[in-house]
Amino acid sequence: MAEKNQLQRGLKERHVQMIAIGGAIGVGLFLGSAQAINMAGPGILVTYGIAGIIIFLIMRALGEMSVEYPVAGSFSAYANDFVGPFTGYLVGCMYWVEWTVIAMAELTAMAIYVNFWFPDFPRWATTLIFLGLLTLANLTAARLFGELEFWFAIIKVVTIIAMILIGFAMILFGFGNGGEAIGFSNLTAHGGFLPHGMGGVFSALVMVAFAFIGVELIGVTAGEAENPRKVIPKAINTVIYRVLIFYIGALFVIMCLYPWDEIGTTGSPFVLTFAKLGISAAAGIINFVVLTAALSSCNSGIYSCGRMLYNLSVHKQAPAVFGKISKHHVPANAILFTAVLVLIGVVLNYIMPEKAFTYLTSVSSFCAVYTWGTITVTQIFFRKQLTPAEKDRLLFKLPLYPFSNIITLAVLVLVIAAMGANPDTRIAIPVGLSFMIFFTATYFIVGLNKRPAEKRLGKIPNE
């Protein structure tokens, strides 16, 4: 296949493992957690528990196909072969839009973080510098992308684990609190564990879904991972532990330390926790960590957009120029085209620096939910085209199939409903649907529907 002949398997196991961790820990945990807590109170732990299970099932569905077919196009390639060319085309386009928009939003966020240290430095200049550096890194080699993600993820992991350990020392032993143990009373002392009932738990699903954007990147890396049949299952199986430790663990500690209805009103809980120890540079430390989280997300956006455009080109659903591979074994044209479009984010930072981030993030959650739903449906079609003998030979089966698919799709519909019910996130639906209509119209106007269906994956290769 083209992916095997042209893209180089330069991502080592440690790269994929840290990409998996980094994909599950975004800026949303450091900055967006306060809003989610205000919506659900301590019940946000239940929201993350539900979302974590669903994300795990989605990743297992993707993993079942990725282990058999470790290609760079991932779920777009699978949808093309197992559902139909239009489905593969549309999910590839929507995923490309999702990450292009996220890259723009993260560039905007980076400018804000840099202004923390250099308030007079122009935001548009910051975004231009970071975009140039990250694009250059992605044009060099897949291994350099993996190396950057490895160290970005290390910074996030160390910070969160330190915060959890320090937090538990405060909760149990009064460390940093004059020796007086804080205890667990804040979880129930301010309106109960579910102050807004289960309605609050489900209304926070949109914010939680945004926090998990990027976990599916594991599947996209399969085409360039060394020994994907070993690495991909290991990375996916640890998703549930990452959710428990990094999200539920961190938020549990935060809500024990501070009343949930005060979180976000007096600054970042991460900053407050480190400041309690007398660390005067706490705000600067967390600002640096969040900056690396944004760099990680933008880096992943450029990488995944390049691979998705490459896959669409390979399937003759995008211009052939995007299917060309450079001497460094990367889809350079697809990466450069994405970077040029991300420059729109730089322009927005120049025109409207205060509103750019809000405008750019409105569509990413919708695109992510659509992508996850397509992965779940594609796995159903994948299973149906297998013989009983082939099903028995699957190396990494989705548990509880097909009931897990039904549960997953039901929760994703619930997320969309919650998105529409919230005035702050409602705009994501018409904007997302507009993109879908545009790409659908393009598909038929250009005549892609008249081209013969081209299946590239063949039979499962572990026969």
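Contact here means heavy atoms within 4.5 Å. This is a predicted model, in which local features need pLDDT of at least 70, side-chain atom pairs count only at pLDDT 80 or more, and totals for chains, interfaces and linings use all residues. Residues are numbered from 1 along each chain as its sequence is written, and side-chain values use heavy atoms, with hydrogens and water left out.

## Tyrosine 370

Tyrosine 370 sits in helix 18 (residues 364–384). Neighbours within four places in sequence aside, tyrosine 370 is in contact with Leu90, Val91, Met94 and Met436. Valine 413 is 43 residues from tyrosine 370 along the chain, and their C-alpha atoms are 9.7 Å apart.

## The chain overall

The protein chain has 21 helices and 0 strands. Both are DSSP runs numbered from the N terminus: helices are H or I with at least four residues, strands are E with at least two. Of the 463 residues, 59% count as buried. Buried means under 20% relative accessible area, exposed means over 50%, and partly exposed lies in between (1.4 Å probe, protein chains only).

The chain exposes about 17,700 Å². Carbon and sulfur atoms supply 70% of that area. Accessible areas come from the Shrake-Rupley method with a 1.4 Å probe; for residues, only the protein chains shown count as cover. Among contacts between residues at least 6 apart in sequence, 82% join residues at least 24 apart.

## Helix spans

The expected span of a helix is 1.5 Å times one less than its number of residues. The table sets the end-to-end C-alpha distance against that expectation.

| Helix | Residues | C-alpha span | Expected span |
|---|---|---|---|
| Helix 7 | 123–140 (18 residues) | 26 Å | 26 Å |
| Helix 8 | 142–173 (32 residues) | 46 Å | 46 Å |

Helix 15 is mostly covered, with 29 of its 33 residues buried. Lysine 316 follows helix 15 and has a positive phi, near 60°. Just after helix 8, glycine 174 also takes a positive phi, of about 75°.

The buried residues of helix 7 include Arg123, Phe130, Leu131, Leu134 and Asn138. Threonine 126 is also in helix 7. Its relative accessible area is 3%, so threonine 126 is buried. Threonine 126 touches Met110, Ala111, Val114 and Phe121, not counting residues up to four places away in sequence. Valine 114 is 12 residues from threonine 126 in sequence, and 7.5 Å from it in space, C-alpha to C-alpha.

Axes are lines fitted to C-alpha atoms, for helices over the stretch in contact, and angles run from 0 to 180 degrees between N-to-C directions. Angles under 35 degrees count as roughly parallel, over 145 as roughly antiparallel, 65 to 115 as roughly perpendicular and the rest as oblique.

Take helix 12 as a partner. The axes of helix 4 (residues 44–68) and helix 12 (residues 228–237) come within 10 Å and cross at roughly 175°. The two helices are therefore roughly antiparallel. Helix 4 brings Phe56, Met59, Arg60, Gly63, Ser66, Val67 and Glu68 to the contact, and helix 12 brings Arg229, Ile232, Pro233, Ile236 and Asn237. These residues divide into 6 nonpolar, 3 polar and 3 charged. Here Ala, Val, Leu, Ile, Met, Phe, Trp, Tyr, Cys and Pro count as nonpolar, Asp, Glu, Lys and Arg as charged, and the others, Gly among them, as polar.

Now helix 5 (residues 74–82). The axes of helix 4 and helix 5 come within 10 Å and cross at roughly 80°. This pair is therefore roughly perpendicular. Leu62, Met65 and Ser66 of helix 4 meet Ser74, Phe75, Tyr78 and Phe82 of helix 5. By class, this contact has 5 nonpolar, 2 polar and no charged residues.

Most residues other than glycine have a negative phi, and most peptide bonds are trans. The loop between helix 19 (388–392) and helix 20 (403–421) holds proline 402. A cis peptide bond joins tyrosine 401 to proline 402, with omega about 0°. Leucine 400 is in the loop between helix 19 and helix 20 as well. Its phi is positive, near 60°. Leucine 400 counts as exposed, because its relative accessibility is 65%.

Methionine 207 lies in helix 10 (residues 205–211). At 17% relative accessible area, methionine 207 is buried. Methionine 207 and glutamine 35 are 172 residues apart along the chain, yet their C-alpha atoms are separated by 7.9 Å.
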